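Subject: Structure handover

Hi,

Here is the structure I promised to pass on. Please open it alongside this email.

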Amino acid sequence: MRSNIVTEAGLPTRVGQWWEGIPFFTSSIILICGTIYLVCLLVGYDSFVEVCFLPAAILSHFQVYRIFTSVLFHGSLLHVLFNMLALVPLGSELERIMGSIRMLYLTILLAISNATIHLFIAVVMAHNPFHHYDNLMNECAIGFSGILFSLIVIETSLSGIQSRSVFGLFNVPAQWYVWILLVVFQLLMTNVSFLGHLCGIITGFAYIYGLLNFLLPGTSFYSAMESSSLLSSCVRRPKFILCTGGNPSAQLPTYSGQNTTSSGLSVPNVWRNLSSWMPRRETVTEPQQQDNRFPGRGRTLGSTQNQSAPAGDSEFNLQTRLLDRSSADRQSSDGRQNDSAVVDRATPMQNQRSVASDAEIQKLVSMGFEKTQVEVALAAADGDINIAVEILMSQKD
């Protein structure tokens, strides 16, 4: 009788599994930045004067291409390695929710916004009447870290967590996390661009406040991009995530999407967003065992099946919060008023149950089931989402 032999996977297998778990766009950014760095290393190119973000060159010679080339080039192996390792968890989580095309659009939007704010601050500091800081106009900045700081702000606000760990050494309040990282990096590495990182933080806050909502296209734009023949080869990739598999709203998910119109520049909306920025915990009826096989109508990665329970719970909470906010966005854009505050004051317990039920319905609808069938299945399962999924799947069979 043969004994059971348990063998551990080798390093190449582990690396392959890790790589397969990274969505399409995030892994593409890693490949592009890594390839560019290797080519620069082989040809001996290390000045970066022609490709870095140089405000003086952009304004005097209108070299707009620097906005994008400065993001993809890195100055050292540690620089590109650290940035890409930081991108993996941030980009993967947001891409699984938004979809690959939306994540691409968000990255381009953040890059342009960071560059615009960077130019504005550099010009103001260089031409202010008190003291001229011309060094900001001649600062040559490269690297993906500016966009990473924006993604940190967005992910922290969307997740609603209360605290964050700084390099595993100590925990800090979530709203302080990005500012502590800004100071720590500046103290440890004096050659980093403080203004570039600061502009990334400002852009992240502008996004979650809703100030960039007027730049966000509708669902038809992403559907047209996914059905385009130019992207057909990318869409067929196993790691590509369709936008319909993430947030089904007409906008990218924003933290401040509640009770706001499509324009984030009006004074009442800005004030409401500023006053409601602090992350809040929401009461969500969460199933004990979530079926990860049906996260949406689009294709998703199968590598999430072996995640630990805390990671799965965090992703479920994040998706539920995004679906709730996207539903509120659509209602406000149609001109219908939201009376949830009145209902909360009248019957708080019934409202909590209604919110949880709506979240379950939205989640099952996002899996591709009809809303009427979902409501019937949830009623038959007494609100148990797992039993409801089994009923819906049996009806499909």
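Below is what was found in it, topic by topic.

**Overall picture**

Please keep in mind that this is a predicted model. The protein has 17 helices and 2 strands. It has 397 residues, and 44% of them are buried. Take the contacts with a separation of 6 or more: 73% of them come from residues 24 or more positions apart.

**The disulfide**

The count here is 1 disulfide. Cysteine 52 pairs with cysteine 140, and their sulfur atoms are 1.8 Å apart. As a reminder, a disulfide is a covalent bond between the sulfur atoms of two cysteines.

Where do the two cysteines of the pair sit? Cysteine 52 is in the loop between α2 (24-43) and α3 (55-61). Cysteine 140 is in the loop between α6 and α7.

Cysteine 52 is buried, with a relative accessible area of 0%. Cysteine 140 is partly exposed, at 39%.

Cysteine 234 is partly exposed, with a relative accessible area of 22%. The cut-off for buried is under 20%, so cysteine 234 does not count as buried. Cysteine 243 does count as buried, at 5% relative accessibility.

**Helices α6 and α7**

Helix α6 covers residues 100-126, and helix α7 covers residues 145-159. They pack at an angle of about 115°, with their axes 10 Å apart. The crossing of α6 past α7 is right-handed.

Which residues make the contact? From α6 they are Met103, Leu106, Thr107, Leu110, Ala111 and Asn114. From α7 they are Gly146, Ile147, Ser150, Leu151 and Ile154. By class, this contact has 7 nonpolar and 4 polar residues. No charged residues take part.

**The salt bridge**

Side chains of opposite charge can pair when their charged atoms come close. Here the count is 1 salt bridge. Arginine 164 forms it with glutamate 155. The closest N and O atoms are 2.2 Å apart. Are the two partners buried or exposed? Arginine 164 and glutamate 155 are both buried.

Arg164 turns up again as a contact of asparagine 171. Asparagine 171 lies in strand β2, residues 170-173. Leaving out residues up to four places away in sequence, asparagine 171 touches Arg164 and Ser165. Asparagine 171 itself counts as exposed, at 56% relative accessibility.

Most residues other than glycine have a negative phi, and most peptide bonds are trans.

- Phenylalanine 48 has a positive phi of about 60°. Its place is in the loop between α2 and α3. Phenylalanine 48 is buried, with a relative accessible area of 8%.
- Phenylalanine 62 has a positive phi of about 55°. Its place is in the loop between α3 and α4 (66-72). Phenylalanine 62 is exposed, with a relative accessible area of 65%.

**Alanine 206**

One more residue to look at. Alanine 206 lies in helix α9, residues 194-208. At 15% relative accessibility, alanine 206 counts as buried. What does alanine 206 touch, not counting residues up to four places away in sequence? The contacts are Leu211 and Leu212. Valine 153 is 53 residues from alanine 206 along the chain. Their C-alpha atoms are separated by 9.9 Å.

**To sum up**

- the disulfide of cysteine 52 and cysteine 140;
- the right-handed crossing of α6 and α7;
- the salt bridge of arginine 164 and glutamate 155;
- the positive phi of phenylalanine 48;
- the positive phi of phenylalanine 62.

Best wishes

Definitions and conventions. Residues are numbered from 1 along each chain as its sequence is written. This is a predicted model: local features need pLDDT of at least 70, side-chain atom pairs count only at pLDDT 80 or more; totals for chains, interfaces and linings use all residues. Side-chain values use heavy atoms; hydrogens and water are left out. Axes are lines fitted to C-alpha atoms, for helices over the stretch in contact, and angles run from 0 to 180 degrees between N-to-C directions. Helices (H or I, at least four residues) and strands (E, at least two) are DSSP runs, numbered from the N terminus. A crossing is left-handed if the near helix is turned anticlockwise from the far one by less than a right angle, and right-handed if clockwise. Contact means heavy atoms within 4.5 Å. Ala, Val, Leu, Ile, Met, Phe, Trp, Tyr, Cys and Pro count as nonpolar, Asp, Glu, Lys and Arg as charged, and the others, Gly among them, as polar. A salt bridge is a side-chain nitrogen of Lys or Arg within 4 Å of a carboxyl oxygen of Asp or Glu. Buried means under 20% relative accessible area, exposed over 50%, partly exposed in between (1.4 Å probe, protein chains only). A disulfide is a pair of cysteine sulfur atoms within 2.5 Å.
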